[in-house]
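My notes are below the picture.

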Amino acid sequence: MSAKLGEILVRENLVTPEQLRQALDYQRTSGGRLGSNLVKLGIISDDVITSVLSRQYGVPSINLDLFQIEDEVIRLISQEVALKYMVLPVSRNGSTLTLAMADPTNVFAMDDIKFMTGFNVEPAIASEASIQSAVGKYYGGSTQIDIFDAAFAIDTEKAAAALRNGRNGKNGHSKNGAGPSVVENQKISAEDIDVNINNFDFEGHDAEEFELVQENEEIDLAQLTRESQDAPVVRLVNILMVDSLRRGASDIHIEPYEKDFRIRFRIDGVLYDIMHPPMKLRDPLISRLKIMSKLDISEKRLPQDGRIKIKVKIDNRSRELDFRVSTLPTLFGEKVVLRLLDKEKLMLDMTKLGFEPESLEKFQRNISNPYGMVLVTGPTGSGKTNTLYSALQSLNTPETNIMTAEDPVEFNLQGINQVQMKEQIGLNFAAALRSFLRQDPNIILVGEIRDFETAEIAIKAALTGHLVLSTLHTNDAPSTVSRLVNMGIEPFLVATSVNIIQAQRLIRRICSNCKEEANIPPEALIEIGFSADEAADLTLYKGAGCETCLNTGYKGRVGLYETMEVTDDLRELIIIGASSIELRRKAIESGMITLRGSGLAKLRQGITTVEEVVKETVL
């Protein structure tokens, strides 16, 4: 291309042979396109190069300064892709995208953009400089600087005057001796301030004190892909996944910071620092995980969600690992969190979850009802999904049609119709629930009641002969009633539809390998809820710390359960609009074990420590 362009320019007397040789020499040392180098050297103008290239390739030329490109067209291509291929989307007509290109022969660029956008590409020629300027205009925000500070305006004017005069000792004044003029809210274009660092004196400062920070680096997708397949990166990812399983981690946190790169595991609900890999592995490692979870490695500005399913051989056993992957753009790169969905850890036997016998009996009785609503509440990571899956498994028979709407579907359960929510196409909990009611269901599980519409349909389903199981985010069982009423559900509908509300938490178990007696004064035990007589004779335990529990003293977790069965007395209180405090008092009178009461029961059994109970519950 370069030789042919040079021949055309010489033949048309637009440049001399000597000027062409000068540009080619410059190209050999500095790289870049011949046309751009001719412009940089001041031999020829942008417009002339564009015109010649247009004739050479039979492609129309375009002046980007005369165009105002629509936002939806610009959004078709990311800034990184635009800079990588030196292109800019100009307009869209039906299935055809007009693309301004510095090099219209770059078929790889056209193929990539056709694949990314789904449109046919129609090239037009524009100069490299005009594309760069337009990319800054449309992707980088305004190139205008508002001057609102007088001192800043004076300094800027002085600097500009000094640059114009070549720092010839005129102290920032113009050649005619006039002082700097200051205009409030004057606009200065970024192109107008051409700062040459050689024009400034750095007296008293060492060059080492100044470091150039590049924020918006160009993304080289090919290089990222190559680096992500390097042996050290692949080995590190494999080690992380296998090690997380061996240590019993539920989550892997991969976190980039300005001068550090940290990996943490969440084990039994607590985050532990695992390693700090070299910073050079940051991008390849994150790209490797994104490729494995089928995410877009070129998209670093938006959160993405994916999934990794792999089979590995661990300790002579073949295991299937399922990771839910979430990426989030942070200040210094993308944070990635992998949630390990281990089927072997899914406890589907309700008798082993940690229920007190009375609470378990109430829960089992109410999920066996033919209709009504069962609500499980608690914060994220409190074991709600496990409890509901255990309930479904106990109800899963060939005669029962069970349908679930989940976001996301964490585990596949044989014999249960599970639906993954997709908000981007309008498939939310409310839409799924409406469809479920036309699918002849017996039991419906709604992943979460988030809004009035979902709550209203769920309650109608519970009142018309279906058993509905769902979750909410509330602190305890009685406050769930207030939450539903605040959503807009009438109190009489809540009273007649809800069978049982269960709040729960997860606390850590004492490691059985290093369990030992703990000396805790009776006064402290009385303060957390024990009676004086019980506190005097109670023996409590703690973990000393060993290799089995990674010296934490804890191994595994157990649930705390507050099970509020909606009795006739509670229904009357709900209908008259009683507060959650009144509901709580009446429920305790009826035999409800509170979360703190459940925690005290675990202490009596020597399962956990006082610190864990106090951390998760209140009196």
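These entries cover cysteines, a serine, a helix and some backbone angles.

**Ground rules.** I am working on a predicted model, where local features need pLDDT of at least 70, side-chain atom pairs count only at pLDDT 80 or more, and totals for chains, interfaces and linings use all residues. Residues are numbered from 1 along each chain as its sequence is written, and side-chain values use heavy atoms, with hydrogens and water left out.

**Cysteines.** I looked for disulfides. A disulfide is a covalent bond between the sulfur atoms of two cysteines. The rule I used asks for a pair of cysteine sulfur atoms within 2.5 Å. The count is 0. For Cys511, the nearest cysteine sulfur belongs to Cys514, 3.8 Å away. Cys511 is buried at 1%, and Cys546 is buried at 12%.

**Ser497.** This residue sits in helix H18 (residues 491-497). Helices (H or I, at least four residues) and strands (E, at least two) are DSSP runs, numbered from the N terminus. Ser497 is buried, with 1% relative accessibility. Its side chain reaches the backbone oxygen of Leu493 at 2.7 Å. I then listed contacts, meaning heavy atoms within 4.5 Å. Leaving out residues up to four places away in sequence, Ser497 touches Gly372, Met373, Ile459, Ala462 and Leu463.

**Helix H13.** Which residues of H13 (residues 357-367) are buried? I found Ser359, Leu360, Lys362, Phe363, Asn366 and Ile367. They span an arc of only 160 degrees around the axis, so they lie on the same side of H13. The arc is taken from the directions from the helix axis to the C-beta atoms. An α-helix has 3.6 residues a turn, so residues three or four places apart point the same way. The buried residues of H13 pack against several elements, including helix H14 (384-395) and strand S12 (372-377).

**Backbone angles.** Most residues other than glycine have a negative phi, and most peptide bonds are trans. I noted some exceptions. A cis peptide bond, with omega about 0 degrees, joins Asp407 and Pro408. Pro408 is in the loop between strands S13 (402-406) and S14 (417-420). Asp268 has a positive phi of about 55 degrees. Asn551 has a positive phi of about 60 degrees.

Key:
Buried < 20%, exposed > 50% of the residue type's maximum accessible area, 1.4 Å probe, protein only. Polar contact = N/O pair within 3.5 Å; in protein donor to acceptor, adjacent residues only side chain to side chain.
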